[in-house]
Amino acid sequence: MLTKRQNLMEVIKGGNPDRFVKQYEFLEIIMEMPLLKGVFLEPGTEGKNAWGVYYKWPEGHIGQMPVHGEHTVIKDITEWKKYVKAPSVEFSDEEWAAAVEHANSVDRNEQFVTAPYFGGIFEMCHNLMSMENALIAFYEEPEHMHELIEYITEYELAYAKEVIDHIHPDALFHHDDWGTQRNSFLSPEMFKEFFLEPYKKVYGFYKDNGVELVVHHCDSYAANLVPFMIEMGIDIWQGCMTTNNIPELIKKYGGQISFMGGIDSGVVDFPGWNQEIVEKEVEKACNNGKLYFIPCLTQGLNISSFPGVYEAVNEAIDKMSKKMF
Amino acid sequence: MSNLQEVKAMVEQGKTKLIAGKVQEALDEGNTAEDILQSMIDAMGVIGDRFSAGEIFVPEMLIAAKAMSLGVDVLKPHLAGESTSSLGTCVIGTVEGDLHDIGKNLVAMMLEGNGFEIIDMGVDVSPEKFLNAAKENNNVKLVALSGLLTTTMPKMEETVKLIKDSGLPVKVIVGGAPVTEEYAAEIGADGFAPDAGSATVKAKELVNG
């Protein structure tokens with residue numbers, strides 16, 4: 001039996017996997033990294049993160065959301081330098097200790113030691129200035145947007161250096177949502193103009209420094225951006241929703257990139273979920289094929305919003321592995 | 001190209017820095033404010049259709065809506081009455097328990113661009129707040145409910161029921177990622193739209209009876 005890591009490599013290289021990869025099983029995500037301090041609020045609280053972006057997580061809601069209006073960090077994009085100050089990436093060895101210990105405990109033959117990054121370059125732009133203002137600024141103030149993106153990219157590179165120095169990750173799990181369930185936010189031309197080169201720099205840096213696998217989370221439609229994903233060095237697109245026509249993507253791009261998702265979280269991860277719904281959706285997903293595809297909830301972490309759903313999906317994938325392998 | 005056609009083209013192309021001057025030119029040329037407004041409304045109709053067809057993306061829609069808004073600012077002193085609205089008032093918001101606002105904001109901009117007066121209730125809006133806004137504002141013809149989370153769909157249903165049970169003569173339109181035409185019909189909404197472009201078409205259809 002292949003290890004989780006070996007099985008994943010067989011899937012993405014077009015080899016001979018001996019079962020489906022079960023969601024995030026191949027990634028051991030190091031959430032203890034001090035760089036993540038303040039990224040997530042506790043439910044029922046609100047406050048600013050390290051970049052000054054104000055978030056709210058109301059009690060009973062399933063996640064946190066940035067709040068703009070009076071809290072907007074960049075009040076005028078032409079003066080972004082006045083408002084934006086990247087947080088420090090320097091932390092003491094003591095602050096890194098828990099992350100290092102976690103990374104050292106991982107059997108790297110079995111799993112990839114994985115560095116997470118939440119709120120990528122596009123998300124950072126709209127978190128700092130609100131979605132509407134950011135999207136309008138791409139048209140009205142492109143030079144300032146390029147400058148802001150360069151600044152965020154430099155931060156990501158500094159973050160990457162610290163991560164590489166401290167935990168020597170095998171994989172990167174990087175979040176940046178680029179669309180809605182129906183389309184990308186930006187046209188492919190605009191996406192290319194603003195984001196291709198910055199991401200080539202960031203993902204290239206990780207790969208030049210020992211990272212074997214780049215997994216990018218984007219739980220939306222983004223099929224029109226796949227050529228850029230390949231060019232920027234993404235190995236696995238996690239969060240690939242069913243609206244993307246996954247079989248067609250596999251046929252067109254399999255071998256250059258793999259698709260992880262196919263089980264839309266909104267469809268199975270809700271208070272009234274049951275095993276029958278889960279099994280039906282997992283079966284549909286597994287029918288996408290054994291290669292270049294990893295059945296997974298589109299959720300951006302190895303959890304579900306409602307207790308038991310993530311585990312139920314795992315069980316259903318096990319069943320499909322027995323049936324199809 | 002006449003100034004009216006140029007105004008329409010500038011809104012479609014989102015020429016935010018030039019539109020005010022062009023609207024002024026159109027006025028100076030002797031066009032009525034109503035005709036100029038109609039040319040901009042027509043432009044937003046084109047934008048909505050192109051967005052629904054996937055030919056343009058969110059920034060193009062936003063920049064067009066902004067251009068229209070800047071054009072309307074020039075027209076306002078010349079329009080009869082205080083309001084530029086001819087379709088009535090729309091109360092819009094994201095349902096209780098949901099903080100997502102992008103889709104709701106886009107629909108609000110498109111509806112405003114097409115002649116509705118907008119009362120934007122924001123996000124996480126309770127059924128009672130929607131009902132009160134529909135009662136307390138003038139000429140409310142439409143209530144638009146947005147929701148992105150599967151978990152908040154019951155709140156959408158509750159809001160539709162409360163408004164319908166109140167007997168107010170308003171139509172209710174719903175939308176958002178998990179919402180389907182079938183679900184909209186099941187909860188008693190009058191209309192559903194999958195995106196901001198088609199929301200405008202549906203909203204006009206609903207209020208024009």
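Visitor: What makes the crossing of helix 11 of chain A and helix 12 of chain A right-handed?

Guide: A crossing is called right-handed if the near helix is turned clockwise from the far one by less than a right angle, and left-handed if anticlockwise. Helix 11 and helix 12 of chain A cross in the right-handed sense. Bear in mind that this is a predicted model, where local features need pLDDT of at least 70, side-chain atom pairs count only at pLDDT 80 or more, and totals for chains, interfaces and linings use all residues. Residues are numbered from 1 along each chain as its sequence is written, and chains are lettered from A and ligands numbered from 1 in the order in which they are written.

Visitor: Why are helix 11 of chain A and helix 12 of chain A called oblique to each other?

Guide: Helix 11 (residues 275-286) and helix 12 (residues 309-324) of chain A pack at about 50°, with axes 9 Å apart. Angles under 35 degrees count as roughly parallel, over 145 as roughly antiparallel, 65 to 115 as roughly perpendicular and the rest as oblique. So helix 11 and helix 12 of chain A are oblique.

Visitor: And why are helix 4 of chain A and helix 6 of chain A oblique to each other?

Guide: Helix 4 and helix 6 of chain A pack at about 120°, their axes 10 Å apart, and they are therefore oblique as well. Helix 4 of chain A passes helix 6 of chain A in a right-handed crossing. On the helix 4 side, the contact (C-beta atoms, placed from the backbone, within 7 Å) uses A:Ile121, A:Met124 and A:Cys125. Helix 6 of chain A brings residues including A:Leu148, A:Ile152 and A:Glu156.

Visitor: Which residues of helix 6 of chain A are buried, and what makes a residue buried?

Guide: Buried takes 20 or more other C-beta atoms within 10 Å of the residue's own; 12 or fewer is exposed, and in between is partly exposed. In helix 6 of chain A, A:Met145, A:Leu148, A:Ile149, A:Ile152, A:Glu156, A:Ala160, A:Val163, A:His166 and A:Ile167 are buried. Their packing partners in chain A include helix 3 (93-104), strand 5 (112-117) and helix 7 (188-208).

How values were computed
Axes fitted to C-alpha atoms, helices over the stretch in contact; angles between N-to-C directions. Helix = DSSP H or I, 4+ residues; strand = E, 2+ residues; numbered from the N terminus. Contact = placed C-beta atoms within 7 Å.
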